Amino acid sequence: MNAAGLHVAIVMDGNGRWATARGLPRRRGHEAGARTVRTTVEAAAALGVEMLTLYAFSSDNWKRPPREVGALLALFRRYLDAERARLRDQGIRLSIVGRRDRIPLSLLATIERAERETAAGTTMHLRVAIDYSARDALIDAARLASGARVTRERFAELLGEVQHGGAARDVDLLIRTGGEHRLSDFLLWECAYAELWFTPRAWPDFNAELLRSALDEFASRDRRFGALPDAAAS
Ligand code: IPE
Ligand code: IPE
Ligand code: MG
């Protein structure tokens, strides 16, 4: 499967249930999930994916117990510190998408450093969504757009400005692990014509083979964007 030029987005869900099923604290599920991030990023880059957007922490996830939130924020910091050199060496550009004003300063400094050090990467653009809400991003972009006549292209640029990580770009394939069939406030604008692919597998059990299965199925789908298939249009 050649995924050249595609934007793949993943809702990395099921870490907590994966850990609980093994008698482990939820935090251990998130740690296992971080290892899956590493292998998935490498597999996606090898398959030619151009942009990979991973949902790591939603704005609604602040509702979780402070201990779990703290463990997640500490894990993001460890992940970024451990991965930035490897990402740079692989030519992978990293951006964090979402709000930045509620992120602890120590994590923010780590994010900015990782973004700076990987900025020249051209192999793949890896975007990790932290404190991300698509609805909030839409409201913020609409505020910037108010009064002007706004095209879809201009609105996508405004969305990029408010959520960081570059102009909003349509998602080609949206993957969600963990068995739920919903978007949970992820990339609502960008998923207008995304192909959706769900698996009951928890995120820690996701792997390169499943990514290839998702991309293979994507390749067999007929994307019409509201028009007719080529054969029927003539
Ligand atoms: C996804 O796994 C990671 C985050 C939302 C931070 P969950 O923590 O939601 O795991 P489940 O859905 O409870 O199993
Ligand atoms: C979505 O998962 C957010 C992330 C994977 C980061 P949730 O576990 O928070 O979503 P819901 O609560 O099941 O919709
Ligand atoms: Mg969940």
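Reader: What are the ground rules here?

Author: This is a predicted model, where local features need pLDDT of at least 70 and side-chain atom pairs count only at pLDDT 80 or more, while totals for chains, interfaces and linings use all residues. Residues are numbered from 1 along each chain as its sequence is written, chains are lettered from A and ligands numbered from 1 in the order in which they are written, and side-chain values use heavy atoms, with hydrogens and water left out.

Reader: How many helices and strands does the protein chain have?

Author: Helices (H or I, at least four residues) and strands (E, at least two) are DSSP runs, numbered from the N terminus. The protein chain has eight helices and six strands. Their order along the sequence is β-α-α-β-α-β-α-β-α-α-β-β-α-α.

Reader: Why does the radius of gyration agree with a compact globule?

Author: The radius is taken over C-alpha atoms, and the globule rule is 2.2 Å times the number of residues to the power 0.38. For 234 residues the rule gives a value near 17 Å, and the protein chain has 18 Å, which agrees. Along the principal axes, the C-alpha atoms fill a box of roughly 60 × 45 × 35 Å.

Reader: What share of the residues is buried?

Author: Buried means under 20% relative accessible area, exposed over 50%, and partly exposed in between (1.4 Å probe, protein chains only). Buried residues make up 48% of the 234 in the protein chain. Now contacts, meaning heavy atoms within 4.5 Å. Of those with a separation of 6 or more, 73% join residues 24 or more positions apart.

Reader: Which residues touch the most other members of the largest nonpolar core?

Author: In soluble globular proteins, nonpolar side chains tend to be buried together. A nonpolar core is a set of buried Ala, Val, Leu, Ile, Met, Phe, Trp, Tyr and Cys residues joined through side-chain atoms within 4.5 Å. The largest one has 44 residues, and V8, V41, L52, L126 and I175 touch the most other members. Helix α3 (residues 66–89) gives this core its largest share, seven residues. A second, separate core has 13 residues, including A134, L174, C191 and A194.

Reader: What is V41 in contact with?

Author: Leave aside neighbours within four places in sequence. V41 then contacts L52, L54, Y79, L87, I92, M124 and L126.

Reader: How is a cavity told from a pocket?

Author: Both are found on a 1 Å grid over the protein atoms alone. A cavity is a set of points where a 1.4 Å probe fits but cannot get out. A pocket is an open set with protein on both sides within 12 Å along at least five of seven lines. Lining residues have an atom within 4 Å of a point. Points are joined across faces, edges and corners, and a volume is the space filled by probe spheres set on them.

The structure holds one cavity of 30 Å³ or more. The largest cavity has about 30 Å³ of space. Helix α3 gives the most, four residues.

Reader: How does that lining divide by class?

Author: Ala, Val, Leu, Ile, Met, Phe, Trp, Tyr, Cys and Pro count as nonpolar, Asp, Glu, Lys and Arg as charged, and the others, Gly among them, as polar. The cavity lining has three nonpolar, one polar and four charged residues.

Reader: Which residues lie nearest the centre of the largest pocket?

Author: M12, Y55, A56, F57 and N61, out of 34 lining residues. Elements giving two or more residues to the lining are α1 (15–21), α2, β2 (51–58), α3 and β4 (124–132). The largest pocket holds about 710 Å³. Its lining has 17 nonpolar, eight polar and nine charged residues.

The second largest pocket holds about 250 Å³. Its lining is R152, E153, A156, A168, R169, D170, W189, A192 and Y193.

Reader: What stands out about the phi of D131?

Author: Most residues other than glycine have a negative phi. D131 has a positive phi of about 50° although it is not a glycine. D131 lies in strand β4 and is buried, at 1% relative accessibility. D185 also has a positive phi, about 65°. D185 sits in the loop between β5 (173–176) and β6 (195–198), and is buried at 14% relative accessible area.
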